[in-house]
Amino acid sequence: MSDNTKTKGLGMKAKRRLGDTAIYIILIIMSIIWLTPFVCIVLQSFRVESTWQVGYVVPQKWGLDNYTGLLNTDFVRWYGNTFLMAICVSVLQTIIVLCMSYTLSRFRFKLRKPLMKFMLILGLFPGMLTMIILYRVLKDMGLTMEHAVPGLILVYIASSGMGYYITKGFFDTIPMSLDEAARVDGATRLQVLIQMIMPLSKSIIIYTILTAFMGPWGDFIFAKYISFNTSAGMNVAVGLYSWLSKDMIASRYTMFCAGGVIVAIPVTILFMCFQRYYVEGVTGGSVKG
Amino acid sequence: MTKFFKAIKNEVSDFFGTFAKGDFKTRLSYVVMGAGNFLRGQLVRGFIFLAFEVLFFIYMFMGLGGNSGCYWLSMLPSLGKEGPGEVYDEFYDQYVYAFNDNSFQILLYGVLTIFLIVAFVMSWRANIKQAKAAQETVAAGKKLNKFKDDLKSLVDEGFYKTLLALPVTGIMVFTVLPIVFMILVAFTNYDGTHDGYVTNLFTWQGLKNFKTLFAMNGSGSYGKIFLGILGWTIVWAFFATFSNYFLGILTALMINRKTIKFKKVWRTIFVLTIAIPQFISLLYVSKMFDKSGLINGFLLKWGVLSTPYDFWGHAFSARLLVILINIWIGVPYLMLIATGILLNIPQDLYEAAKIDGASPTQQFRHITMPYMLFITGPYLLTSFTGNMNNFNVIYLLSAGGPTNSAATSAAGSVGYTDLLVTWLFKITTGAESQYYMASVIGIVIFIVVSIITLVVYNLLPSNKNEGDLQ
């Protein structure tokens, strides 16, 4: 770059500086657009003078009323439900995904290719289609409405084996010769997995846990259908959504903002701490397909 | 195809050959499963086979604490005959209301029984193969594997069986079974009123529901609504995918430009949008554009508008907004992905281009873009089909609205931003709960997505000439 600018003189330099300035301006504008909603939601969560939507951002009267008010609503229950689901799902789903992707990456058995093709085809069906029957079966088992949490955990983890692509792609990059060397030394496949592959795959395991943990916080369809309008069985997404309905929004809007902030804080902190692993997983996964 | 027939031929000749060449123990295992194993000393393996066989026949003919498998199978063609009615109850000495046959259970257990029969036939075949293998091992004078060896193999050579057992069972029970069930529902008249509300009985309808979906005439016909929604679904998926894709790459290029400082700060700002749970950002932004929301508030204050504009109440503005807000949601992901790929483009390509005097625009067009497209082809395809089924963004932003008054079917109204999936959801949860139409639409979505996937996948450069860029 520097050679180029020297030979072509000042014109090139000025051009580059102009380009830089333009990019800085664009990036600043984009940052403002991307951050505005979050600034607004935080500011409005501290607004005390009214609970409905208003046409301004900065509160006239500040206070924590919306946050303390949350404690007297079902929000506490929703938060507990979601947290419990997130913990269970992140543990169980990680185990299932690891089993699946390790097998498909390391073993060559007769049904391997058919199994992968089969799962690919299954993935083309809209997941929502299974909702009706799952609801009926869970209802017969007593795992809907206020007891929706165990039912939802079951639904989330049961089919998670189909999400093996990214982890398998990572395992594929670990040379098979490592496995073979260990096997020659007398290690069983189980030992290879636990003592060799797992330590090498720290980043992808953290990625799997992180995405699994974030899943229940954002799930809407299944949580809505299986909790079936019963407040006690809702997760935060469905619960907070119900506060924005036509007859609730006037009294709950600022509390929705406060609830949103409370939900976003732990997830965001966790995400920011493990950002590096997430970026690795996302970029690696898309490159390898 | 010939390979397939050859496999069948081999299978058949092996099946009869084993019987012809087998000794008494092997032949016995054609009737008594596991006989070829436990008579030769492989006790546990043999008895597991036998126990499965016994349990299977008890289930089929007597039932395990419920109706027998044969009962469910025999009810499958009719899906139940006796509707609800009054039944005399001796204990209370009065007539009580009883639902009698339950079509949902009949269909569910019928499908389950068929699954079981398939599993039984497969393990019966496996049992014969095992008997043959055991016979051959003994004949060769080698030692047979004991149960202890089998267990050891499950953490070693056969470790994949152990690892796959749980995930595959989960997929079978919670994905395959429901999908098979729902495909069958598309050929019935199963809906809310046939689901315990009025009666528990529903019946086979043949292709009637598919004809209903494609019917073009009459008021409340599905055909036109379906075509309208399908059209918008594809338009939406196209714009949602490619707007994110190109803007994401542009953002990544801007941030990664050598002379730009604070790269980490810019990146963190965008990553923040990924970190915050999507439903919060979507719901909040949706309300910002509400008739009494923030945007209208500011537009009124600044005098741009004199009366609040209903962004979600007009077809065009609602459609434009969902695409724009989707950019806001999706660009950060693409920025991350594109950054990862950009850093991997071999730098010597650019050096060579510079020596040849290529301008930055030319470099972008002839090096960066082809490389990106090559690497991200499969990703683009999955994100296109993913967007076709992007329930959350549409439902949380506009809930499908504004309502299209010209498109009201028997299953309720649809809106201008409704995708096929949100329509499916609305039909399922609507007043009539027309489950059968929901499954018809689900099948249609599957067909559309499969066709797109198949066609595009074969066109992809990364599939055609692998290694072109390496």
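Residues count from 1 along each chain as written, chains are lettered from A and ligands numbered from 1 in written order, and side-chain values use heavy atoms without hydrogens or water. As the model is predicted, local features need pLDDT of at least 70 and side-chain atom pairs count only at pLDDT 80 or more, while totals for chains, interfaces and linings use all residues.

Student: Which residue of chain B does Tyr284(B) touch, beyond four places in sequence?
Tutor: Contact means heavy atoms within 4.5 Å. From chain A, Tyr284(B) touches residues including Pro37(A), Ile41(A), Tyr253(A) and Phe256(A). From chain B, the list has Leu294(B).

Student: How many residues apart are Tyr79(A) and Trp217(A)?
Tutor: Rings of Phe, Tyr and Trp (its six-membered ring) pair if their centres lie within 6.5 Å; planes under 30 degrees apart are stacked, over 60 edge-to-face, the rest tilted. The search finds 59 aromatic pairs over all chains. Tyr79(A) and Trp217(A) make an edge-to-face pair, 5.5 Å centre to centre with 65° between the planes. Tyr79(A) is in helix H4 and Trp217(A) in helix H11, both of chain A, at a separation of 138 residues.

Student: Is Trp217(A) buried or exposed?
Tutor: Buried means under 20% relative accessible area, exposed over 50%, partly exposed in between (1.4 Å probe, protein chains only). Trp217(A) has a relative accessible area of 1%, so the residue is buried.

Student: Why is the pair of Tyr222(B) and Trp423(B) tilted?
Tutor: The ring centres of Tyr222(B) and Trp423(B) are 6.1 Å apart. Tyr222(B) lies in helix H10 and Trp423(B) in helix H18 of chain B, so the pair ties together parts 201 residues apart in sequence. The pair is tilted because the planes stand at 40°.

Student: Which ring does the charged end of Arg189(A) sit over?
Tutor: A charge sits over a ring if NZ of Lys or CZ of Arg is within 6 Å of the ring centre and within 35 degrees of the ring normal. Arg136(A) lies over the face of Phe104(B), at 4.0 Å from the ring centre. For Arg189(A), 4.4 Å from the centre, the ring is that of Phe107(A).

Student: Which side chain makes a polar contact with Asn404(B)?
Tutor: A polar contact is a pair of N or O atoms within 3.5 Å; within protein, one must be able to donate a hydrogen and the other to accept it, and residues adjacent in sequence count only if both atoms are side-chain atoms. Asn404(B) is buried, at 16% relative accessible area. At 3.3 Å, its partner is Tyr416(B).

Student: What separates the C-alpha atoms of Val444(B) and Leu213(B)?
Tutor: Val444(B) is buried, at 9% relative accessible area. Its contacts beyond four places in sequence are Leu213(B), Phe214(B) and Phe226(B). Val444(B) and Leu213(B) are 231 residues apart along the chain, with C-alpha atoms separated by 9.8 Å.

Notes:
Helix = DSSP H or I, 4+ residues; strand = E, 2+ residues; numbered from the N terminus.
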